[in-house]
Amino acid sequence: MSSFHRAMINLTRAVGNKLRYQFNPAFFQTSITSQILLKALTNLPHTDFTLCKCMIDQTHEERPIRQILYLGNLLETCHFQSFWVRQLEPGERGSPAK
């Protein structure tokens, strides 16, 4: 099995996990959701990121999730230079450097 097929299977599983969180909000975990969003973000321009983004309840838009959504918005709107200018702080996903 090629690495592409393995990546697609992993992404499908991640979206499935996100669906579980949507129907069972008590099991929501910010770290898992952030990882799913980042994995979906790497699959742009496919619609996985949009699907995951639409399934997030506004009450769960905590800091790391907001930052990943912001980075996704930059990519979706073709603001590539702005995306790459944003530096990630060590040890913190999706957080812009100051």
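Visitor: Why is H2 called roughly parallel to H4?

Guide: In this predicted model, H2 and H4 pack at an angle of about 10 degrees, with their axes 9 Å apart. Angles under 35 degrees count as roughly parallel, and the angle of about 10 degrees therefore makes H2 roughly parallel to H4.

Visitor: Which residues of H2 meet which residues of H4?

Guide: From H2 come Thr30, Thr33, Ser34, Leu37, Leu38 and Leu41, and these meet Pro64, Ile65, Ile68, Leu69, Gly72 and Leu75 in H4. Sorted by kind, the residues of this contact divide into 8 nonpolar, 4 polar and no charged.

Visitor: What makes up the largest nonpolar core?

Guide: The largest nonpolar core has 15 residues, and those with the most contacts inside it are Leu37, Phe49, Cys52, Ile65, Leu69 and Phe83. Helix H2 (30–41), helix H3 (48–54) and helix H4 (63–76) each supply at least two residues of this core, and H4 gives the most, with 6 residues. As for Leu69, once its neighbours within four places in sequence are left aside, this residue is in contact with Leu37, Phe49, Lys53 and Glu61.

Visitor: Why does Glu76 count as partly exposed?

Guide: Glu76, whose place is in helix H4, has a relative accessibility of 31%. Buried would require under 20% and exposed over 50%, with partly exposed in between, so at 31% Glu76 counts as partly exposed.

Visitor: How do you know that a polar contact joins the side chains of Glu76 and Lys53?

Guide: The contact that joins these two side chains is 2.9 Å, to be set against the rule that the pair of N or O atoms lie within 3.5 Å. Lys53 is also one of the residues that Glu76 touches when those up to four places away in sequence are not counted, along with Leu44, Phe49 and Thr50. Glu76 and Leu44 are 32 residues apart along the chain, while their C-alpha atoms are separated by 8.0 Å.

Visitor: What kind of peptide bond runs from Leu44 to Pro45, and what is its omega?

Guide: The bond from Leu44 to Pro45 is cis, with omega near 15 degrees, and Pro45 is found in the loop between H2 and H3.

Note on methods: Residues are numbered from 1 along each chain as its sequence is written. This is a predicted model: local features need pLDDT of at least 70, side-chain atom pairs count only at pLDDT 80 or more; totals for chains, interfaces and linings use all residues. Side-chain values use heavy atoms; hydrogens and water are left out. A nonpolar core is a set of buried Ala, Val, Leu, Ile, Met, Phe, Trp, Tyr and Cys residues joined through side-chain atoms within 4.5 Å. Buried means under 20% relative accessible area, exposed over 50%, partly exposed in between (1.4 Å probe, protein chains only). Helices (H or I, at least four residues) and strands (E, at least two) are DSSP runs, numbered from the N terminus. Contact means heavy atoms within 4.5 Å. Axes are lines fitted to C-alpha atoms, for helices over the stretch in contact, and angles run from 0 to 180 degrees between N-to-C directions. Angles under 35 degrees count as roughly parallel, over 145 as roughly antiparallel, 65 to 115 as roughly perpendicular and the rest as oblique. Ala, Val, Leu, Ile, Met, Phe, Trp, Tyr, Cys and Pro count as nonpolar, Asp, Glu, Lys and Arg as charged, and the others, Gly among them, as polar. A polar contact is a pair of N or O atoms within 3.5 Å; within protein, one must be able to donate a hydrogen and the other to accept it, and residues adjacent in sequence count only if both atoms are side-chain atoms.
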